[in-house]
Amino acid sequence: MAWWNEDEYPDLVLAHACQVDIFLGSADGSLHLAYSHYFDGGACSLVPTVWDWDSDGKPELIVGDEQGKLHLCKSMISRRPSRERLQCSKEEFKILGVGSDASPAACDWDKDGVPDLMVYGRSELLVEPHWFRRNESGVALMNPAHPLDGFDLGANAVPTLVDWDLDGDLDLIVGSDDGRVWYFPWHNGSFHSMNGWDGPFVQIDVGSKAAPATVDWDLDGYPDLVVGNGKGSLAFFRGGPGKIYPAGVEENPFYFIQTGLQVAPAFADMDGDDDFDLVFSSGQFDNAGTFYFANHNGELVPEPSPIQHVDLSPLAGYVQVPTCLQLVDFDGDGDLDLLTGSSYDATAWFLEQFEDGTFYHAQGASNPFAAGMIGLSPCPALGDIEFDGVGDLVVGNGQGMLLMFQHQPMQHLGLGTKMEDLGQKSSLQLL
(Lines give C-alpha, C1' and ligand atoms only; values in the text may rest on other atoms or scores of the structure.)
Protein backbone atom coordinates (compact mmCIF):
# COMPACT_ATOMS: atom_id res chain seq x y z
CA MET A 1 0.00 0.00 0.00
CA ALA A 2 1.09 3.57 -0.66
CA TRP A 3 -0.14 7.13 -1.11
CA TRP A 4 0.44 7.92 -4.79
CA ASN A 5 -1.81 10.95 -5.24
CA GLU A 6 -2.70 13.76 -2.90
CA ASP A 7 -6.03 12.48 -1.64
CA GLU A 8 -6.68 10.76 1.69
CA TYR A 9 -7.36 7.31 0.28
CA PRO A 10 -4.61 4.65 0.26
CA ASP A 11 -3.45 3.34 -3.11
CA LEU A 12 -1.99 0.01 -4.18
CA VAL A 13 1.29 -0.59 -6.02
CA LEU A 14 1.36 -4.12 -7.42
CA ALA A 15 4.33 -5.80 -9.10
CA HIS A 16 3.77 -9.07 -10.92
CA ALA A 17 6.17 -10.85 -13.26
CA CYS A 18 7.60 -8.07 -15.49
CA GLN A 19 4.92 -5.46 -14.88
CA VAL A 20 4.02 -2.82 -12.29
CA ASP A 21 0.47 -1.52 -11.83
CA ILE A 22 -0.75 1.36 -9.64
CA PHE A 23 -4.34 1.24 -8.43
CA LEU A 24 -5.78 4.44 -6.95
CA GLY A 25 -8.11 4.24 -3.99
CA SER A 26 -11.46 5.99 -3.74
CA ALA A 27 -13.97 7.02 -1.05
CA ASP A 28 -15.99 3.82 -1.33
CA GLY A 29 -12.91 1.68 -0.71
CA SER A 30 -12.61 0.47 -4.29
CA LEU A 31 -9.45 0.53 -6.41
CA HIS A 32 -9.11 1.37 -10.09
CA LEU A 33 -6.12 0.86 -12.36
CA ALA A 34 -4.49 4.22 -13.17
CA TYR A 35 -0.91 3.43 -14.20
CA SER A 36 0.82 0.43 -15.69
CA HIS A 37 4.27 -0.28 -17.08
CA TYR A 38 5.78 -3.42 -18.62
CA PHE A 39 9.56 -3.83 -18.22
CA ASP A 40 11.25 -5.44 -21.19
CA GLY A 41 14.82 -6.67 -21.48
CA GLY A 42 14.40 -9.42 -18.91
CA ALA A 43 13.62 -7.07 -16.01
CA CYS A 44 11.25 -9.28 -14.02
CA SER A 45 10.69 -10.39 -10.40
CA LEU A 46 10.09 -6.73 -9.59
CA VAL A 47 10.11 -5.12 -6.13
CA PRO A 48 8.77 -1.52 -5.97
CA THR A 49 9.03 1.20 -3.36
CA VAL A 50 7.42 4.68 -3.35
CA TRP A 51 9.30 7.88 -2.45
CA ASP A 52 9.66 11.48 -3.60
CA TRP A 53 13.13 10.80 -5.02
CA ASP A 54 13.68 14.11 -6.80
CA SER A 55 12.08 16.23 -4.03
CA ASP A 56 9.56 17.82 -6.40
CA GLY A 57 6.58 17.13 -4.13
CA LYS A 58 5.38 14.19 -6.24
CA PRO A 59 6.06 10.52 -5.50
CA GLU A 60 8.20 8.37 -7.77
CA LEU A 61 8.47 4.63 -8.00
CA ILE A 62 11.86 2.96 -7.50
CA VAL A 63 11.80 -0.61 -8.81
CA GLY A 64 14.38 -3.34 -8.29
CA ASP A 65 14.57 -6.30 -10.68
CA GLU A 66 15.98 -9.82 -10.72
CA GLN A 67 19.11 -8.62 -12.55
CA GLY A 68 19.99 -6.48 -9.53
CA LYS A 69 19.33 -3.22 -11.36
CA LEU A 70 17.16 -0.25 -10.34
CA HIS A 71 14.58 1.74 -12.31
CA LEU A 72 13.05 5.15 -11.57
CA CYS A 73 9.43 5.58 -12.69
CA LYS A 74 7.52 8.85 -12.91
CA SER A 75 3.87 9.51 -13.75
CA MET A 76 3.24 11.12 -17.12
CA ILE A 77 0.07 12.50 -18.66
CA SER A 78 -0.60 10.74 -21.96
CA ARG A 79 -2.21 12.25 -25.05
CA ARG A 80 -5.40 10.49 -24.13
CA PRO A 81 -6.92 12.55 -21.27
CA SER A 82 -8.54 9.50 -19.68
CA ARG A 83 -5.26 7.64 -19.24
CA GLU A 84 -2.00 8.22 -17.44
CA ARG A 85 1.16 6.22 -17.74
CA LEU A 86 4.48 5.53 -16.05
CA GLN A 87 7.77 6.50 -17.66
CA CYS A 88 10.53 4.25 -16.34
CA SER A 89 14.28 4.45 -16.90
CA LYS A 90 17.50 2.96 -15.50
CA GLU A 91 19.46 6.14 -16.31
CA GLU A 92 19.30 7.54 -12.76
CA PHE A 93 20.94 4.39 -11.39
CA LYS A 94 22.76 3.15 -14.49
CA ILE A 95 26.02 2.14 -12.83
CA LEU A 96 24.44 0.92 -9.60
CA GLY A 97 23.24 -2.55 -8.79
CA VAL A 98 23.39 -5.35 -6.27
CA GLY A 99 24.08 -8.50 -8.29
CA SER A 100 20.54 -9.91 -8.53
CA ASP A 101 17.11 -9.73 -6.89
CA ALA A 102 17.23 -6.05 -5.95
CA SER A 103 14.78 -5.07 -3.19
CA PRO A 104 14.92 -1.27 -2.58
CA ALA A 105 13.64 0.97 0.20
CA ALA A 106 14.05 4.76 0.26
CA CYS A 107 14.31 7.12 3.21
CA ASP A 108 16.32 10.09 4.44
CA TRP A 109 18.67 7.83 6.42
CA ASP A 110 21.18 10.48 7.48
CA LYS A 111 18.57 13.26 7.94
CA ASP A 112 20.28 15.67 5.57
CA GLY A 113 17.13 16.47 3.62
CA VAL A 114 18.20 14.32 0.65
CA PRO A 115 16.68 10.83 0.19
CA ASP A 116 18.98 7.83 0.40
CA LEU A 117 18.46 4.29 -0.81
CA MET A 118 18.85 0.96 0.95
CA VAL A 119 18.83 -2.07 -1.35
CA TYR A 120 18.98 -5.73 -0.46
CA GLY A 121 20.50 -7.90 -3.17
CA ARG A 122 21.86 -11.35 -3.84
CA SER A 123 25.39 -11.87 -5.11
CA GLU A 124 27.14 -15.14 -5.79
CA LEU A 125 28.47 -14.90 -2.25
CA LEU A 126 25.53 -13.95 -0.03
CA VAL A 127 22.42 -11.82 0.44
CA GLU A 128 23.36 -8.43 1.88
CA PRO A 129 22.20 -4.79 2.13
CA HIS A 130 23.72 -1.95 0.12
CA TRP A 131 23.44 1.66 1.22
CA PHE A 132 23.45 4.40 -1.39
CA ARG A 133 23.88 7.85 0.14
CA ARG A 134 23.16 10.93 -1.94
CA ASN A 135 24.96 14.26 -1.75
CA GLU A 136 23.46 17.72 -2.06
CA SER A 137 23.42 17.58 -5.86
CA GLY A 138 21.29 14.44 -5.74
CA VAL A 139 23.88 12.15 -7.29
CA ALA A 140 23.68 8.60 -5.95
CA LEU A 141 26.85 7.55 -4.12
CA MET A 142 27.97 4.23 -2.71
CA ASN A 143 28.68 3.57 0.94
CA PRO A 144 31.99 5.38 1.64
CA ALA A 145 33.04 2.58 4.00
CA HIS A 146 33.08 0.16 1.02
CA PRO A 147 34.73 1.86 -1.98
CA LEU A 148 33.13 -0.39 -4.65
CA ASP A 149 29.86 -1.29 -2.95
CA GLY A 150 26.96 -0.98 -5.36
CA PHE A 151 28.79 -0.60 -8.67
CA ASP A 152 27.12 -3.11 -11.01
CA LEU A 153 27.98 -2.99 -14.71
CA GLY A 154 25.55 -5.65 -15.87
CA ALA A 155 27.79 -8.63 -16.66
CA ASN A 156 31.45 -9.64 -17.05
CA ALA A 157 33.23 -6.74 -15.36
CA VAL A 158 36.91 -6.58 -16.42
CA PRO A 159 38.88 -4.05 -14.31
CA THR A 160 42.29 -2.49 -14.68
CA LEU A 161 44.08 -0.03 -12.37
CA VAL A 162 46.13 2.92 -13.64
CA ASP A 163 46.83 6.53 -12.72
CA TRP A 164 44.75 7.78 -15.64
CA ASP A 165 44.42 11.39 -14.47
CA LEU A 166 48.06 11.55 -13.30
CA ASP A 167 47.16 12.79 -9.82
CA GLY A 168 49.35 10.33 -7.93
CA ASP A 169 46.88 7.52 -7.21
CA LEU A 170 45.40 4.67 -9.21
CA ASP A 171 42.03 4.99 -10.89
CA LEU A 172 39.72 2.20 -11.99
CA ILE A 173 38.76 1.47 -15.59
CA VAL A 174 36.28 -1.35 -16.18
CA GLY A 175 34.95 -3.02 -19.31
CA SER A 176 31.52 -4.67 -19.40
CA ASP A 177 29.67 -7.27 -21.41
CA ASP A 178 27.82 -4.69 -23.51
CA GLY A 179 31.08 -3.36 -24.99
CA ARG A 180 31.24 -0.20 -22.89
CA VAL A 181 34.13 1.11 -20.81
CA TRP A 182 33.57 2.78 -17.43
CA TYR A 183 35.79 5.19 -15.47
CA PHE A 184 36.00 5.50 -11.69
CA PRO A 185 38.73 7.90 -10.50
CA TRP A 186 40.01 7.58 -6.93
CA HIS A 187 39.42 10.69 -4.85
CA ASN A 188 39.37 11.26 -1.08
CA GLY A 189 39.52 7.59 -0.21
CA SER A 190 36.89 6.29 -2.60
CA PHE A 191 36.12 5.60 -6.24
CA HIS A 192 33.72 8.02 -7.93
CA SER A 193 31.79 7.51 -11.12
CA MET A 194 32.64 9.69 -14.13
CA ASN A 195 30.34 8.09 -16.65
CA GLY A 196 27.98 10.91 -17.56
CA TRP A 197 28.03 12.89 -20.77
CA ASP A 198 31.42 14.37 -19.84
CA GLY A 199 33.06 11.04 -18.92
CA PRO A 200 36.31 10.29 -20.82
CA PHE A 201 35.10 6.90 -22.10
CA VAL A 202 31.38 7.53 -22.57
CA GLN A 203 31.68 7.28 -26.37
CA ILE A 204 33.58 3.98 -26.37
CA ASP A 205 31.64 0.96 -27.61
CA VAL A 206 33.61 -2.03 -28.88
CA GLY A 207 30.51 -4.11 -29.52
CA SER A 208 30.64 -6.72 -26.76
CA LYS A 209 32.75 -8.05 -23.89
CA ALA A 210 35.01 -5.04 -23.43
CA ALA A 211 38.33 -5.92 -21.77
CA PRO A 212 40.51 -2.82 -21.19
CA ALA A 213 44.24 -2.61 -20.53
CA THR A 214 46.48 0.44 -20.25
CA VAL A 215 50.01 1.16 -21.44
CA ASP A 216 51.94 4.27 -22.44
CA TRP A 217 52.50 2.89 -25.93
CA ASP A 218 53.66 6.12 -27.56
CA LEU A 219 55.85 7.12 -24.57
CA ASP A 220 54.33 10.59 -24.28
CA GLY A 221 53.75 10.36 -20.53
CA TYR A 222 50.01 9.70 -20.86
CA PRO A 223 48.56 6.20 -20.49
CA ASP A 224 46.85 4.84 -23.59
CA LEU A 225 43.88 2.48 -23.62
CA VAL A 226 43.70 -0.86 -25.44
CA VAL A 227 40.32 -2.63 -25.39
CA GLY A 228 39.67 -6.21 -26.42
CA ASN A 229 36.23 -7.33 -27.53
CA GLY A 230 34.09 -10.40 -28.11
CA LYS A 231 35.19 -10.79 -31.73
CA GLY A 232 38.87 -11.04 -30.88
CA SER A 233 40.09 -7.62 -32.01
CA LEU A 234 41.83 -4.80 -30.12
CA ALA A 235 40.79 -1.14 -30.28
CA PHE A 236 43.41 1.52 -29.50
CA PHE A 237 42.71 4.90 -27.87
CA ARG A 238 45.58 7.33 -27.46
CA GLY A 239 45.62 9.16 -24.13
CA GLY A 240 46.20 12.86 -23.82
CA PRO A 241 45.47 15.89 -21.62
CA GLY A 242 41.90 15.40 -20.43
CA LYS A 243 40.73 13.24 -23.33
CA ILE A 244 41.35 10.21 -25.49
CA TYR A 245 41.87 10.01 -29.23
CA PRO A 246 40.44 6.98 -31.06
CA ALA A 247 42.94 5.50 -33.49
CA GLY A 248 41.97 4.57 -37.02
CA VAL A 249 43.12 1.36 -38.66
CA GLU A 250 46.39 2.84 -39.88
CA GLU A 251 47.15 4.35 -36.46
CA ASN A 252 46.22 1.26 -34.46
CA PRO A 253 49.34 -0.85 -33.78
CA PHE A 254 47.07 -3.79 -32.85
CA TYR A 255 44.74 -3.71 -35.87
CA PHE A 256 46.08 -6.96 -37.34
CA ILE A 257 45.13 -9.04 -34.29
CA GLN A 258 41.94 -10.93 -35.09
CA THR A 259 41.42 -14.10 -33.07
CA GLY A 260 37.70 -14.50 -33.75
CA LEU A 261 37.10 -15.16 -30.04
CA GLN A 262 36.95 -12.91 -27.01
CA VAL A 263 40.33 -11.45 -26.08
CA ALA A 264 41.58 -9.81 -22.87
CA PRO A 265 44.96 -8.02 -23.35
CA ALA A 266 47.72 -7.48 -20.80
CA PHE A 267 51.05 -5.64 -21.03
CA ALA A 268 54.34 -6.48 -19.33
CA ASP A 269 58.06 -6.44 -20.10
CA MET A 270 58.24 -10.13 -20.92
CA ASP A 271 61.71 -10.12 -22.53
CA GLY A 272 63.51 -7.71 -20.17
CA ASP A 273 64.28 -5.03 -22.78
CA ASP A 274 62.56 -2.20 -20.88
CA ASP A 275 59.44 -1.90 -23.02
CA PHE A 276 55.94 -3.32 -22.80
CA ASP A 277 55.05 -6.47 -24.72
CA LEU A 278 51.55 -7.78 -25.37
CA VAL A 279 50.22 -11.05 -24.00
CA PHE A 280 46.67 -12.28 -23.91
CA SER A 281 44.57 -15.39 -23.62
CA SER A 282 41.84 -16.37 -26.00
CA GLY A 283 39.78 -19.45 -26.65
CA GLN A 284 37.19 -21.63 -25.00
CA PHE A 285 37.46 -24.48 -22.51
CA ASP A 286 40.37 -26.81 -23.36
CA ASN A 287 41.20 -24.74 -26.46
CA ALA A 288 42.15 -21.70 -24.39
CA GLY A 289 45.72 -20.55 -24.90
CA THR A 290 48.05 -17.57 -24.63
CA PHE A 291 49.41 -15.37 -27.39
CA TYR A 292 52.55 -13.26 -27.18
CA PHE A 293 53.70 -10.32 -29.28
CA ALA A 294 57.14 -8.89 -28.52
CA ASN A 295 57.59 -5.14 -28.79
CA HIS A 296 60.54 -4.36 -31.07
CA ASN A 297 60.87 -0.56 -31.30
CA GLY A 298 57.12 -0.10 -31.41
CA GLU A 299 56.45 -2.97 -33.81
CA LEU A 300 54.64 -6.04 -32.51
CA VAL A 301 56.19 -9.34 -33.57
CA PRO A 302 54.44 -12.66 -32.78
CA GLU A 303 56.72 -15.03 -30.89
CA PRO A 304 56.24 -18.20 -28.84
CA SER A 305 54.55 -17.26 -25.59
CA PRO A 306 56.78 -17.46 -22.49
CA ILE A 307 53.76 -18.82 -20.64
CA GLN A 308 52.45 -21.08 -23.40
CA HIS A 309 53.21 -24.16 -21.30
CA VAL A 310 50.90 -22.91 -18.54
CA ASP A 311 47.68 -24.92 -18.81
CA LEU A 312 44.81 -22.44 -18.72
CA SER A 313 42.06 -24.92 -19.53
CA PRO A 314 41.12 -25.57 -15.86
CA LEU A 315 40.55 -21.84 -15.40
CA ALA A 316 37.77 -21.67 -17.99
CA GLY A 317 35.50 -23.97 -16.01
CA TYR A 318 32.06 -24.13 -17.55
CA VAL A 319 31.98 -20.58 -18.90
CA GLN A 320 33.03 -19.58 -22.42
CA VAL A 321 35.19 -16.62 -21.51
CA PRO A 322 38.94 -16.06 -21.77
CA THR A 323 41.09 -15.79 -18.71
CA CYS A 324 42.14 -12.33 -17.53
CA LEU A 325 45.90 -12.24 -16.97
CA GLN A 326 48.13 -9.92 -14.96
CA LEU A 327 51.88 -10.41 -14.99
CA VAL A 328 53.71 -8.83 -12.05
CA ASP A 329 56.89 -9.47 -10.05
CA PHE A 330 54.91 -10.24 -6.94
CA ASP A 331 57.70 -11.74 -4.83
CA GLY A 332 60.48 -9.37 -5.94
CA ASP A 333 62.76 -12.09 -7.35
CA GLY A 334 63.23 -10.47 -10.76
CA ASP A 335 60.79 -12.54 -12.80
CA LEU A 336 57.12 -12.14 -13.61
CA ASP A 337 54.51 -14.13 -11.75
CA LEU A 338 50.98 -14.72 -13.00
CA LEU A 339 47.76 -13.56 -11.35
CA THR A 340 44.50 -14.66 -12.89
CA GLY A 341 40.96 -15.72 -12.10
CA SER A 342 39.40 -19.15 -12.30
CA SER A 343 35.82 -19.79 -13.35
CA TYR A 344 36.32 -23.39 -12.29
CA ASP A 345 36.32 -22.63 -8.57
CA ALA A 346 35.44 -18.87 -8.63
CA THR A 347 38.74 -17.86 -6.97
CA ALA A 348 41.90 -15.90 -7.76
CA TRP A 349 44.83 -18.07 -8.85
CA PHE A 350 48.46 -17.13 -8.24
CA LEU A 351 51.18 -18.88 -10.24
CA GLU A 352 54.73 -18.15 -9.07
CA GLN A 353 57.47 -18.29 -11.69
CA PHE A 354 60.70 -20.09 -10.79
CA GLU A 355 64.19 -19.46 -12.17
CA ASP A 356 63.80 -22.18 -14.81
CA GLY A 357 60.68 -20.48 -16.23
CA THR A 358 58.20 -22.95 -14.85
CA PHE A 359 55.14 -21.82 -12.89
CA TYR A 360 53.96 -23.19 -9.56
CA HIS A 361 50.25 -22.94 -8.75
CA ALA A 362 50.18 -21.69 -5.16
CA GLN A 363 47.21 -23.15 -3.31
CA GLY A 364 45.73 -22.89 0.15
CA ALA A 365 47.82 -20.93 2.64
CA SER A 366 50.61 -20.46 0.09
CA ASN A 367 48.29 -18.45 -2.18
CA PRO A 368 48.56 -14.77 -1.15
CA PHE A 369 45.24 -14.11 -2.91
CA ALA A 370 43.23 -16.82 -1.19
CA ALA A 371 40.10 -14.83 -0.42
CA GLY A 372 37.54 -17.57 -0.96
CA MET A 373 34.95 -17.48 -3.72
CA ILE A 374 34.86 -14.16 -5.57
CA GLY A 375 32.24 -14.98 -8.23
CA LEU A 376 32.04 -16.74 -11.56
CA SER A 377 34.38 -15.49 -14.29
CA PRO A 378 36.54 -13.49 -11.85
CA CYS A 379 38.98 -10.99 -13.29
CA PRO A 380 41.54 -9.58 -10.80
CA ALA A 381 43.51 -6.33 -11.01
CA LEU A 382 46.35 -5.69 -8.55
CA GLY A 383 47.77 -2.30 -7.61
CA ASP A 384 48.68 0.13 -4.84
CA ILE A 385 45.80 2.56 -5.32
CA GLU A 386 47.00 5.36 -3.02
CA PHE A 387 50.73 4.58 -3.37
CA ASP A 388 50.76 4.16 0.39
CA GLY A 389 52.60 0.85 0.41
CA VAL A 390 49.38 -1.13 0.90
CA GLY A 391 48.41 -3.41 -1.97
CA ASP A 392 44.84 -3.44 -3.25
CA LEU A 393 43.06 -6.06 -5.33
CA VAL A 394 39.99 -5.20 -7.38
CA VAL A 395 38.03 -8.13 -8.77
CA GLY A 396 35.29 -7.97 -11.38
CA ASN A 397 33.06 -10.98 -11.90
CA GLY A 398 30.51 -12.41 -14.30
CA GLN A 399 27.61 -10.69 -12.58
CA GLY A 400 29.14 -7.30 -13.32
CA MET A 401 29.96 -6.72 -9.65
CA LEU A 402 33.22 -5.28 -8.31
CA LEU A 403 34.93 -6.36 -5.11
CA MET A 404 37.91 -4.69 -3.44
CA PHE A 405 40.43 -6.34 -1.13
CA GLN A 406 43.30 -4.77 0.81
CA HIS A 407 46.62 -6.54 1.04
CA GLN A 408 49.81 -6.22 3.04
CA PRO A 409 52.58 -3.64 2.31
CA MET A 410 53.84 -3.41 -1.28
CA GLN A 411 55.91 -1.12 -3.48
CA HIS A 412 54.80 0.45 -6.75
CA LEU A 413 56.83 0.55 -9.93
CA GLY A 414 55.23 3.03 -12.35
CA LEU A 415 52.28 1.46 -14.16
CA GLY A 416 53.28 -1.97 -12.83
CA THR A 417 53.26 -3.22 -9.27
CA LYS A 418 55.57 -5.18 -7.05
CA MET A 419 54.77 -6.85 -3.76
CA GLU A 420 57.56 -7.71 -1.33
CA ASP A 421 58.13 -10.94 0.59
CA LEU A 422 54.64 -11.70 1.79
CA GLY A 423 54.87 -15.48 1.72
CA GLN A 424 52.31 -17.47 3.68
CA LYS A 425 51.71 -14.71 6.23
CA SER A 426 49.92 -12.41 3.79
CA SER A 427 46.15 -12.18 3.65
CA LEU A 428 43.39 -10.31 1.89
CA GLN A 429 40.75 -8.22 3.61
CA LEU A 430 37.49 -7.51 1.82
CA LEU A 431 36.55 -3.83 2.00
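A: Start with Cys18, which a disulfide joins to Cys44, with an S to S distance of 1.6 Å. In general, a disulfide is a covalent bond between the sulfur atoms of two cysteines. Here the test is distance: a pair of cysteine sulfur atoms within 2.5 Å counts.

Keep in mind that this is a predicted model, where local features need pLDDT of at least 70, side-chain atom pairs count only at pLDDT 80 or more, and totals for chains, interfaces and linings use all residues. Residues are numbered from 1 along each chain as its sequence is written, and side-chain values use heavy atoms, leaving out hydrogens and water.

Back to the bond. The torsion about the S-S bond of Cys18 and Cys44 is about 75 degrees, so this disulfide is right-handed. Cys18 sits in the loop between E1 and E2, while Cys44 sits in the loop between E3 and strand E4 (47-51). The pair links distant parts of the chain, 26 residues apart. Strands are DSSP runs of E, at least two residues long, and helices are runs of H or I, at least four; both are numbered from the N terminus.

How exposed or buried are these two cysteines? Cys18 counts as buried because its relative accessibility is 11%. Cys44 counts as buried too, at 16%. The scale works like this: buried is under 20% relative accessible area, exposed is over 50%, and partly exposed lies in between, using a 1.4 Å probe and protein chains only.

Now look at the strands around that bond. E1, E2 and E3 make an open sheet of 3 strands, in the order E1-E2-E3, with antiparallel pairing. Strands E1 (12-16) and E3 (31-38) are the edges, each pairing on one side only. From one strand to the next, the twist averages 20 degrees. Two strands pair if DSSP finds at least two bridges between them. Strand E2 (residues 19-25) and E3 pair over 7 bridges, in the antiparallel sense. For instance, Asp21 has Ser36 in E3 as its bridge partner.

How many disulfides are there in the whole structure? The search finds 3.

Next come Cys73 and Cys88, a disulfide with sulfur atoms 2.1 Å apart. The torsion about their S-S bond is about 115 degrees, so this disulfide is right-handed. Cys73 is in strand E6 (residues 70-77), and Cys88 is in strand E7 (residues 84-89). This pair also links distant parts of the chain, 15 residues apart. Cys73 has 0% relative accessibility, so it counts as buried. Cys88 is at 18% and counts as buried.

Then there is the disulfide from Cys324 to Cys379, with an S to S distance of 2.3 Å. Its torsion is about -110 degrees, so it is left-handed. Cys324 lies in the loop between helix H1 (313-316) and strand E25 (325-328). Cys379 lies in strand E29 (residues 379-383). The pair therefore ties together parts that are 55 residues apart in sequence. Cys324 is buried, with a relative accessible area of 10%. Cys379 is buried as well, at 4%.

Count the bonded cysteines along the chain and the pattern is 1-2, 3-4, 5-6. One more cysteine deserves a glance. Cys107 is partly exposed, because its relative accessible area is 27%.

Notes
Axes are lines fitted to C-alpha atoms, for helices over the stretch in contact, and angles run from 0 to 180 degrees between N-to-C directions.
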